Structures are given as C-alpha cells and as structure tokens.
Amino acid sequence: MPYKILEKKEIAMRNIWYRIHAPHVAKKVQPGQFVIVRAFKNGERIPLTPVMWDRDEGWIVLITFIRGRTTMRMANELKPGDEILNIAGPLGNPAEMEKFGKILAIGAYTGIVEVYPIAKAWQELGNDVTTLHVTFEPMVVLKDELEEAVGRHILETVPIDPNLDFPTNMKNVTKRLTEKVRELLEKEEYDMVFMVGPAGDQRAVFNVVKEFGIPMKSDLHPIMVDGTGMCGACRVTVGGEVKFACIDGPEFDAYQVNWDELIARSGYYTDMEQRAMQEYMKALQGGEQ
Amino acid sequence: MAKPKLIKERVPTPERPVEERVKSFVEVNLGYDFASAVKEAERCIQCPPEYAPCIKGCPVHINIPGFLKALRENADKPDEAVKNALRVIWNDNTLPAVTGRVCPQEEQCEAPCVMGKVGDPINIGKLERFVADYAREKGIDRELLTEFMAETDGKGRVAVVGAGPAGLTCALELAKMGYKVTIFEALHEAGGVLMYGIPEFRLPKDILKTELDKLEKLGVEVKTNYIVGKTVTIEELLGEYDAVFIGTGAGTPKLLNIPGILLDRIYSANEFLTRVNLMKAYKFPEYDTPIAVGKKVIVIGAGNTAMDAARSALRLGAEVTIAYRRGREDMTARVEEIGHAEEEGVKFEFFLTPVEFIGDENGKVKAVKFEKIRPLEERDKRGKRKIVGTGEYVTLEADTVIIAIGLEPNRILLEESGFKANPDGTLIVDENLMTSIPGVFAGGDAIRGEATVILAMGDGKKAAKAIDEYIKGKKANA
C-alpha cells in the first residue's frame, strides 16, 4: 500500500519536510521509534524518524537532510500528492519515559528533528528539558516548535565558510558543540544528557560529558537494511556485547558504546555512496541538456 | 496394464554452461521441455497412491504418480496434459514452481522412489517444475485458478503473520477452503526467504512473483510493511480475526562471538543475500542499494545459505573460498548446489573454525585466523561426527567475509506477546500446531528453527487444516 505525501516543503537549506499519510505508523509510534522508507522502485531502504504525528488523521512528519542519492532523489522527484512506496514501522524501542529531572537534549545538524518528539514527551512528563541545537546557519529547523515544547531551547549556529571544504566546516560545528556543552555543564547541574547526531560528534560530546560524570544516552545511527533484526548490518558493541541497533536500540547508554567501531562502521560505503550520488548528478545534468 | 518396462537412467535437464552463468544471476538449470518431461514421466512405474513411497516422502503429500500419469496420458495434447497435471499438484501444493526448484528432493520424494533401487529415481522435482513453468508460460495456470476459487461468505477470517513459505501455504490453503485471509509482512515484498534469501540463479524472482499472483486471485490480502508486535499486536489481531497463524521464520543471524566481528566487510549471509536478492545490489548503481565485495571472499559455513552466498559473491567477481569446521560428507547443503558451486569454481577448506578476524589500519578485514579441527569417531545427537580443536592455527587472507553459520527466530514477537517458547526462541506448539495462546497457530522455522522451505510448507498446510477445525468448532459452540 503506497503512502501519500500530503505536504512537502524545504524548511531550511537541504532540510525537507514531508507530511505523509501512514495510518499504521501514526497509530502506534512512540517517541524514539523510527520507520524504514523505500521511496522508489529501484530504491534502497533508509531509516527515518517520525518527528510529529496525528493518530486520528493518520499522518506522520518526516524531515530529511539531503545527504546522498536517496534523500536527494526524494527532494527532487517527489511532489505533494505523490506516493511513497513503502513505510515500515514503527521500529525500534521507544525512548524511556521517566522523570529524570533536568535534561540536556542535544541535536547536531538535522539530528534535532529526532530530539524533538523525545524532548517534548519528556517535558510533558514533568522533566525540565533544555534542548541544544548546533548546526550551520542556514540549516536551522524546528526553532519555534522546540521553544514551545520544552523549558528552554538554545540555538547555536556556525557560519559556512565558503573558503573551507566541508569536513573543515564540520569541525567548526564539533568545536562549537563541545564548547557549548562544557559551558552548560559547568554552569548548571544536569541529571542526564541525551544526544542525536553524527557518531563523531557524539563521541566528542560524550568525552566532555564523561568528565562531569553525568549519565548520557545516545541515539545511534549505524547502517540499516531491514530494520527488523534479520541482518545485523546495524550491529554495535555495547557493554562488550554485540547488539543490533534496530531491535535493541536505537537508544543506548553512551558510556557502554564502542565509539571507535561505530565511527568506522558508518563509513563503510562512503565510496559507493559518492558514486551513486555522482551518477545521479550526471543523469540530472544529462536530462537538462 | 502392461508390465512396466524399466528405464534406469533419468532424462537429463540442460544447464547453462559454467563460463556463461558465473557472469550473471540468470537461472542455472534450464528445465525440461514437454517431450523430455513426458519421457521422464514414462519411467514412473505408477505405484498405487495409497502405497507410493514418493507421496509419503513429500511433506505436503502431492499425488506424484497421479500428476505424472496426467502428463503422459495426454502426450499428444500438451496443454491438456499440463492442465490435468497441475490440477493434481495444486490440490496439495500451490507453489510448485518454487518447490520444484528449491526442495531437497534427494532427501524427500526422490529418496524412497522405487526406481531409485534399480537406477535413478524419477526426477520428480524437475517434472513438478516443468508443469508449473509450462502452465505459467501458456497461461494455463490462470484458467485453472478459477476452479480453486471458493465462496468466502461467513466462513471466517484468518490473519497470517509472515509471507514466507509457511505463511503463504497456510494462506493459500485457507483461501481454497473459503476463508478470508490477510497476510501481514514486515518487508516490502512477500516471499520471505524465497525473496530475500534464495538467489535468482536458483529461483528467478519473476517466477516467484507470478506464483505469488495467486494470492490476489484467491482473494488473499497482503499487508506489507507491517511488523506484527510493533505495527499491530497479536492481541489486536485476535480481536479482529477468528484465528492467527505465525509463520515468522528464523531470520536472525547467528554471528561469531570472536574478536573482529565488527570489522568492515564482514557480513551476515542474511545481510549479504538481502542486499543482493531483495534490493538487487548486484545491479548497483542502477539500483540504489550498495554492496561492497572485494577480490577474495571467505564464506563461513556449509549449508544452503553458505552455497547461495558463495555463488553470489562469485558472480560479483570475487574469488571465493568456503571454510567449514567439519568435513565434505558433513555438509548440509543440497548435493546439486554443492556440485554447482564446485563447477563454478568455489574452493572448499574443511576442518577449520574461525577464531579471529584480522583487520587492516582502516578497519577493513584482511584475514581470518582459523583453528584446525580434528573429527572424532563419536557422533552427536544429529548423527554428525564430534569435532575437537587441535591447537594448530592457519590464517587465510580475505577482504570480505560472509558468515553463514545459521539463523534463529526473531524475538520481536516473543517479547511483545508472551508466547511459551524454547530457550532458542522457537515457539512451543501442540500436535495441532497451536501455540500457548488459544487460536494462535504456528509453523515453519518459527517452531523448528532453521529448516527447509518444504517443511515450512508442510506445517502451513497442516495448520490450515487445524485452523479450519478450530474455527468450525468455535462457530458450532457459539
């Protein structure tokens, strides 16, 4: 059964918002869970997170960051009224819903869209939630929504320096992230830190949090194929044991994660990902001629 | 009837030449044409159905002499012959194009075949496949389907969880009885292991898809992208349906608990085969899903999954070695497939068990360290020789490793629903295949652990009968 796109808009640079009819997911999804999307006939399966949903009206909102061929194709080729071929879910375990106290919930780049439903639910449960979004200046999303949903929303933007390459620009985000987290933890007392973002940034932030001895949870993003526990592509070492992020996670105790392994594993297909992107760009240019 | 004249040798089926087939994923065996199929069918000595050992050897008890008789009775009218033969097969098995290809016939119907005592057993699998293929090509199967359509009014509604061989068979059998059936499938395509596990060169996906078209024709609804336990619970299904069948298989890979398991380019066979078969990663970048295969691949294990993974890796251009901890005679893969793998150039290393994966500076696997194994005379419960480590080690180079040491049931359902299960995660069922939850039945790998397609289909069929009885009983008492 295909899933109709009710709304699609570019909400920031390379950030696309899709509101999609998917009643089977909308009815059941809990903060922390994800879906697997396959948008095209020859397409791949990618994990994405429902950011908002309406159980009665049967829709979910997905926000993608254009990162490679699939997210780029979705942005280019899908229009409101079109149908997405497959949305499987909800998948993974819901985030723990408890009164932790004062929480710092961090989102790097588009990771903030995954922080949103969890932070909102924690706040509603009586936690005192501060959200921190660190990203490039033109990539700010969900600012108003977060300001309304949680106790305090801190936005830290980093300019994109056109004279620097992308990896160097990204290092500036990592730097700002760690500086800001350190500043917050020095000034205020938090009971828990939660983070969503690239594995490298998560490790950098974790190294700061660790110095303060505060509990930290991380949403991990290893490569996934089926998302139902049948292949082990998403395996991570947690507390010395091999776990599958899709069924045992995606949320884990940051103190137990083997970060080096996770970072290495997320780069396994970089070459092929670039090739897929280049072929797509070439096809696009060919089409325009 | 005249005294049967015995023809000892089976009529061969042509195969694509090795040098051609290793370059693509096209089907290796080309199957019979009508004339050679009739010739092979004529070798059958027509044991009476109540006695025929081949029927007993088939887990779904197809009337084998019956369909062979139908073929040769109308040797001058091929369409008629095939239609009659297919009707006989469909009475017991609705997926003959699949089973004719993937069943281990040498252990099932062909093993007890009387002709096997004096020569080659009848080539039952290939004949079953011929009937299905010919019927599909000529559209005969579509004509015949109308005969099997049943009135669905008021009989009852059944939910089937999992669209693999067990679930498909259960659904098709129930639909033929007149039940309204809905299948819930987690992936985006039906078929289970037939779709994601078995490669195109053994079971072409176009053929599988036409077999699956029957579901729709017989009124079975398939809901893909539904993960029962997450999208909908068993409890909710029981509220809506008269009975539930669980055919969720054994899809969770066992991984080796040894150093280096998280290195780059170490795949579970399930991930590797899912990328290749379901996602068509062998057509990257035409298809979006990537697969990274180097020049030297080691496959660990020696079952059918290992053969499928090895032969797929070979077709992606690698040099492939299968490493197995036991000996040649202990391999569990089908004889035909081991033969194909050898012909295609897969190398075998026996009595080696991996102890460590060794990586390079970039976190990519570069070698596997094995301990040499010695077999003992003593046998284990399954009749296999016991093995013991020798303390001697050998290291083999590899830039890709595929682990095919077995599968166990997925625990998503177990955790959500409170079934009684064995420690290995298989569901506990009674003699009618009913689980600890009344009205919920189960079969296939979900109750057996990793077994075969045809045993799963046998369970699906048995469960369909039990579900029919259960629902009739429930309605009578209502």
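The model is predicted: local features need pLDDT of at least 70, side-chain atom pairs count only at pLDDT 80 or more, and totals for chains, interfaces and linings use all residues. Residues are numbered from 1 along each chain as its sequence is written, chains are lettered from A in the order in which they are written, and side-chain values use heavy atoms, without hydrogens or water.

**Domains**
- Chain B is assigned domain 1 (18–147), domain 2 (157–251 + 409–477) and domain 3 (254–406); the bounds come from an automatic or database domain assignment.
- Between domains 1 and 2 of chain B, the C-alpha centres are 26 Å apart.

**Extent of the interface**
- Domain 1 of chain B puts 24 residues in contact with 27 residues of domain 2 of chain B (heavy atoms within 4.5 Å).
- About 2,400 Å² is buried between these two domains, 70% of it on carbon and sulfur atoms; buried area is the accessible area (1.4 Å probe) lost on putting two parts together, summed over both.

- B:K461 and B:D92 form a salt bridge through their side chains, at 2.9 Å from N to O.

**The domain 1 side**
- α6 (96–102) and α9 (140–148) of chain B each supply at least two residues of the side that touches domain 2; helices are DSSP runs (H or I, at least four residues), numbered from the N terminus.
- α6(B) gives the most to this side, with 6 residues.

Methods
A salt bridge is a side-chain nitrogen of Lys or Arg within 4 Å of a carboxyl oxygen of Asp or Glu.
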